[in-house]
Every structure is written in structure tokens, then in C-alpha cells.
Amino acid sequence: MIRLNDIIESLLSYHPKADVRLVEKAYVYSAKAHQGQVRLSGEPYLSHPLEVAYLLTKMKMDEVCVAAGLLHDTLEDTSATEEELTRLFGEQVCNIVKGVTKISKIRFSSREQKQAENIRKMILAMASDIRVVLVKLADRLHNMRTLGFQKPEKQKIIAQETLDIYAPLAGRLGIYWLKAELEDLCFYYLDPEMYEKIKNAIAQRKEEQERFIKEVKEILEKELTKAGIKAHIKGRQKHLYSIYRKVMSKNIPVDQLHDIIGFRVIVDSVRECYETLGVVHSIWKQVPGRFKDYISLPKENMYQSLHTTVIGPYGQKMEIQIRTWEMDRIAEEGIAAHWKYKEGKGTKEADEKIFSWLRQIIEESQQHLSDSREFLENVKMNLNLFPEEVYVFTPKGEVKSFPKGATPVDFAYSIHSDIGDRCVAAKVDGRLVPLDYKLKSGSVVEIITSSKQHPSKDWLTFVKTPRARSKIRQWLRRHEREKSISLGKEMLEKAISQEHIKLGNKEEILTSIAAEMSLQSVEDLYAQIGIGSISANQVIGKIKQKLHIKESPLRLVTKLVNKIRKKKTETKGIKIKGLDDIVVHLAKCCYPIPGDPVIGFITRGKGITIHRYDCKSIKEADPIRLIDVTWESTDEQTYPAKLMVLSINKMGMLADISAAIAKKEANIISANVDSTADNKGIAFFTVEVKNLDHLNEVIRSIKRIKDIISAKRI
């Protein structure tokens, strides 16, 4: 376990004048506050804040940040108060601790909403003090290192969130060692089989790789010495997750992947960087299109380096990065190399670019992104570093960078939302191009606008930047609302007419009903009816209550029977926040079952269809009509699920599979058996199961049969 002396020794190694008394006091307080608490590993809870604080010293953070690391869980998990932390450790320490404290007392309607709110809080806290996110990243890294003590289902949830948000965030802040370790840990828990396969394949080639690295270093050192360049050369194997991504993108076996060795050449000056590049290209042939100059055009996190890929010895591709010592320090330390707190100073003006993306997320999260799914998507897109960038110019010569595949619409929204809303075409290098034209580096882009133009849903299929996507959705949502209000009003008036209800004070009654349903206005009520979130019959029921209209006994019985039937056959254990009596259908395209992450799609006037979150239909659906839904626990209902089983083709196999399914108390609705061209047996089953855990039990039961090649849900 890390000790206090380790933390102080590490802190003083780069900050000799640090106030270690603050760190010592934070340690004593944290030890008392967490006394008696233990982690799932059985270790004293204090081991966690100690590890977090030590990681912060590895990021070369100041004593305030290190002290906050020691105290980061005290507000959430102990009796500590904000007033006490401020009094004992100062306002800065308290604010950092508040920024990283999880939102644990608020109940959310879905895990996704909870994740979105946690991330929203973290990002807003980052606006005032970047050290908040550095503590959070250190906290997440240690939790990932000890994730093995969590239950398997929780391991996957935490690992996926880390891969989606925290690893890209570390990369966005330039802390690449942290990003790499988080990605490898996530990979281990999300796909352990592939992780071990790649790890073993790399281990088998260890001696070969070491010889290759030694040979390349010797060649480079010799040629650079001839050119009068003094350089430090490092050779390393890329981390496992990056190798996995290459394997998946190229769709080749691990043992056929050779582009896994990278070299770093560190020199004394920028001039020598370019001279070294010339030497490298004189030794080995350059791979076309694989050169990046991040020195003249730094990344948004201020990362600078020359990247080139060449054909090295034995015809093997290898990436070489060339940079100065200062660039290497920034690449290793990331944001910590820029963010200075000495004598109360903030960032230098040159570092403001780093936070432009952060300000954009904050602005949009406060104004437009009330939907948790949309907010998360926006954050993920903003955190993506877009390794393949294009650089274009405005007519005035200003350089703007975009992700590869960006269009004139992305360019237009980067200038102003009004320009984006009204853009009708663009000129690239003086030539007229359509709105979905893919921009190329070096082009001059000019936007053509029209007062009659407005955003289209089709734009969402080709824009690449989160800002453009957010602004388009904002416009569509505003105009979609107008249509929904009109439709909802028409539906309610029709229902009132059918019930022969006379409303003399309609506006007053509907205003009262809207308030009861937590809506701001009658227009909101109409809009909710129009999109199907509230049924016209629900509102009719409330109108009758207010007017003291009683139903006839026969009509009441009919309604009750229909309601019971609908609850039993249609809702299927689905809960929609704040809504009842809504017609709910399970999608036939993806067959969701309890345990699957699900999302609802609203069909105007026809209720809600429930899809699995990864369903292709939902990925292509109008995001405005998506709604958060959750499963209610029920053991009475069963759900159809489809399985594909591949096996050795032999007599009695179908009977064995059927017995394995029956053993787990699952009913087979249908089965279709066939054989493949290579004489394998392939069977498709539709089975009735209670939930995802039950389905997984069935699959495991099938896999235990001898001669089964694979069994999976489809």
C-alpha cells in the first residue's frame, strides 16, 4: 500500500517548495474520517485516497490538488461537511472535493441519466478548476485497477463508461499514459478472451520485437550522428487496446498484424525535428498519406510532434514520432504541463485553446441538452480527439480544424448558429459544392445563405461536429414542438367531442390539469399528447373528475377489463417516468428482454415501441422521439429471444440442445435446423425467457454440450 512518505517524497521531487503540512493534515483527517471503513478487497478504505493522491503526484500536481485527492471521498462517504473542509483546508481544496463528489442522493430514471448527470457535474466543475477532473481521473484509474473485486455485471458497466468517457477525456487532456492504461484495463473486462489472445500473441513475438527495436535504433543513431544531430531514441510496443483496434479495423488475425512497434526520437530544437524527418525519409520509404505535422498545427490539447509511417527493415511498417524535449514533456504530462497555480496564476493565453471544447460543452449542456442520451452523445463526440483532422480557411484566412469527413454545414455552424441554420450551399476554392461535400485540408470555404433556408433532418446523417448536430436538433425540436402542439390540440378536442363534454372554462381546467402533470402550460400538455407521451383519454379522465362526471357501471367495467388486458399484454414490465396508461409495444426487430438496456420510440398518437439500445432501427431513428424507459421487476412475464447455435453435424445434437434449453426452464417457441457448406450443423431457436440473466443461463447450458462450436443471441 502507498504510504504518506511516498506521496510527500514524490511531491517534493518536482515541487521542492510545496506546503507538505497541508498534505499531512489532509492525510490525518482522511484517516480519521474513513476509520473502520474497508474496500471490497478487504483493504482499509484509506488505501484508496492514498493511491489517488500518489497518482496526482505522478501528474505533477500541486499540494492543493494532492490534499484534495486524499479528501475526495470524505463528503460522500463520511460525516465531513463543506464548512469543516473549508475551515481546515481552504476554499480551493473544498471546491475540488465538491467537484468530484458523486451525485449519490438523487434518484434517476435510468442508469444513462445518472451517468449523464455525473458527467455534467464534473464538466461544470472543470470550468472553474481543471484539477477537479484530474482528481476524478486518478480516482477512476485506481478503481479500474481494483475492479476485479466487483460483480461481473458491474465490471462491464464501469469498464464501458470508462472507455466511453474517462479514457477519451484523459487523451483530450493530453495524459496519454493514463489513457492507455485505462483503455487496456477496460479491454480486459469487456473482452477478456480477445485480451488474452492478443497478449499471448505479443508475448510469443517478444524476442523478435526486441531485436527489431534494437536494429532500428542502431540504424537511426548511426545516420543521425552522421547528420550532426544528437537524439534520444525510444522504441516501444503499442498498448494492447490500440493493437485490438487495428486488428478489428483491418479485420485480420493478430499474428498477421505487424504495425505494432512505435519509435520516438527526441531532439533539442524544432529545426532538428524537421532535419530528423529528412534523415528518416532518406533511410526508409514513406507510406503515402501517413505524415502528420502537429508542430506547425498542434492538437487542441497543445500536443506537438511530427508523425510519419515508413516501411522499415523486413518490409515492416513502423510509426516514428519526432519531437523536442519540451514537446515530449507536454506529451507525457498533458494538461499538468500547462496548468500552473504558482502564485495564484491561471493558464497562459496560449493555453486557452485547450479549453475551447470544454466551454462549448458547458454552454450547450446548460442551454440545450436536457435529454441525457443527447448530452452523452455530445460529450463523447467532443472528447474524441479526431486523429484524422482537416484544416480549412475562412475567406479572411482564419484556420479552422474539423474531423475528417466534415462538411460545409459543420463549417457554417462553427461560425454562427444563424449562418448554419440558413446555409444553402458553399463555395470551396471558388467552386460551388453541395452541403454534404467532404472538406479537404487547405481549402478556402465560403458559405452561401438564404433567408428561406432552414435545417433538415437529413443534415444529421452527414454532419460530424457535435456543435452542428446540437444546433440542428435544437431547431428541429423547436419546430417539431409546433407540429406536436397542433396535433395534440386536435386529438384532445376530438376526444372531448366524442365524450359529449361541454367545457365553458376549458383554458382554466386544462391549465390546472397541466400543473397536476408537472407541465408548465396548456401548450406543453398539447405537445405531450401530440407525441404520444400522454394519451387524450388520460386528460379526459381528469376533466371528468373536475366536472364530477360519473361513468355508467357498464362503461366502467369495460374500461377496467381493457386496462387490465393492456397492462398484461402490452406494457410487459416497462416503466416510463411520470407516465401511466400508455400503449407500449416490444419491437419485433430486436426482441428486447429485461436486463437489456432499452430505449422508447414515440409514435405520434400510437404509444411507445421499446427497442434494445443497440438496435440498428434506433440508431437511424429521429432522436427527438426517443424517451428513457426502464424495466420493472417481474417473474410472471416471459419474453421471446432468438438464438443461433453452431455445432458439429451429428445425430442426436438437436435433442441434446433441446434438453439443455428445457433444463433451464425455457420454452422453445420455434426451431429451424440446417447444415452449412462445410458440414456444420446450424440451428435457430426462438425461446421464451424471463430476463437477460435467464437467457444467459440457457446459452451457458447449451455451450456445455460436447461438440457445440458457438451459441449466441441474435
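The model is predicted, so local features need pLDDT of at least 70, side-chain atom pairs count only at pLDDT 80 or more, and totals for chains, interfaces and linings use all residues. Residues are numbered from 1 along each chain as its sequence is written, and side-chain values use heavy atoms, with hydrogens and water left out.

**Stop 1: Glu665.** Check the backbone here. Phi of Glu665 is positive, near 60°, and the residue is not a glycine. Is Glu665 buried or exposed? Its relative accessible area is 67%, so Glu665 counts as exposed. The cut-offs are under 20% for buried and over 50% for exposed, with partly exposed in between (1.4 Å probe, protein chains only).

**Stop 2: helix H27.** Step back to residues 653-663, which form H27. Colour Met653, Ile657, Ala660 and Ile661: these are buried. Look down the axis of H27: the buried residues fall within an arc of 100°, so they line one face of the helix. That arc is taken from the directions from the helix axis to the C-beta atoms. Now turn to the face away from the buried side, where Ala655 and Lys663 are exposed.

What covers the buried residues of H27? The cover includes strands E18 (639-648), E19 (667-675), E20 (680-689) and E21 (708-713), along with helix H28 (692-703).

**Stop 3: the sheet.** Show those strands as a cartoon. They form an open sheet of four strands in the order E19-E20-E18-E21, with antiparallel pairing. Two strands pair if DSSP finds at least two bridges between them. E19 and E21 are the edge strands, each pairing on one side only. From one strand to the next, the twist averages 15°.

H27 packs on this sheet and touches E18, E19, E20 and E21, with its direction at about 25° to that of E20. H28 also packs on the sheet, touching E18, E20 and E21, and its direction makes about 170° with that of E21. Touching, or contact, means heavy atoms within 4.5 Å. Axes are lines fitted to C-alpha atoms, for helices over the stretch in contact, and angles run from 0 to 180 degrees between N-to-C directions.

**Stop 4: Ser647.** Zoom in on strand E18, which holds Ser647. E18 and E21 run antiparallel and are joined by five bridges. Which residue of E21 is the bridge partner of Ser647? The partner is Ile708. Ser647 counts as buried, at 4% relative accessibility. Beyond its neighbours within four places in sequence, Ser647 contacts Met653, Lys680, Gly681, Asp707, Ile708 and Ile709.

**Stop 5: H2 and H4.** Next, select helix H2 (residues 20-33) and helix H4 (residues 63-71). Their axes lie 9 Å apart, at an angle of about 5°. H2 and H4 are therefore roughly parallel to each other, the term for angles under 35 degrees. Show side chains: H2 contributes Leu22, Val23, Ala26, Tyr27, Tyr29 and Ser30, and H4 contributes Glu63, Val64, Val66, Ala67, Leu70 and Leu71.

**Last stop: Tyr591.** Go to the loop between strand E13 (584-586) and strand E14 (598-603) to find Tyr591. Its phi is positive, about 45°, although Tyr591 is not a glycine.

Terms used. Helices (H or I, at least four residues) and strands (E, at least two) are DSSP runs, numbered from the N terminus. Angles under 35 degrees count as roughly parallel, over 145 as roughly antiparallel, 65 to 115 as roughly perpendicular and the rest as oblique.
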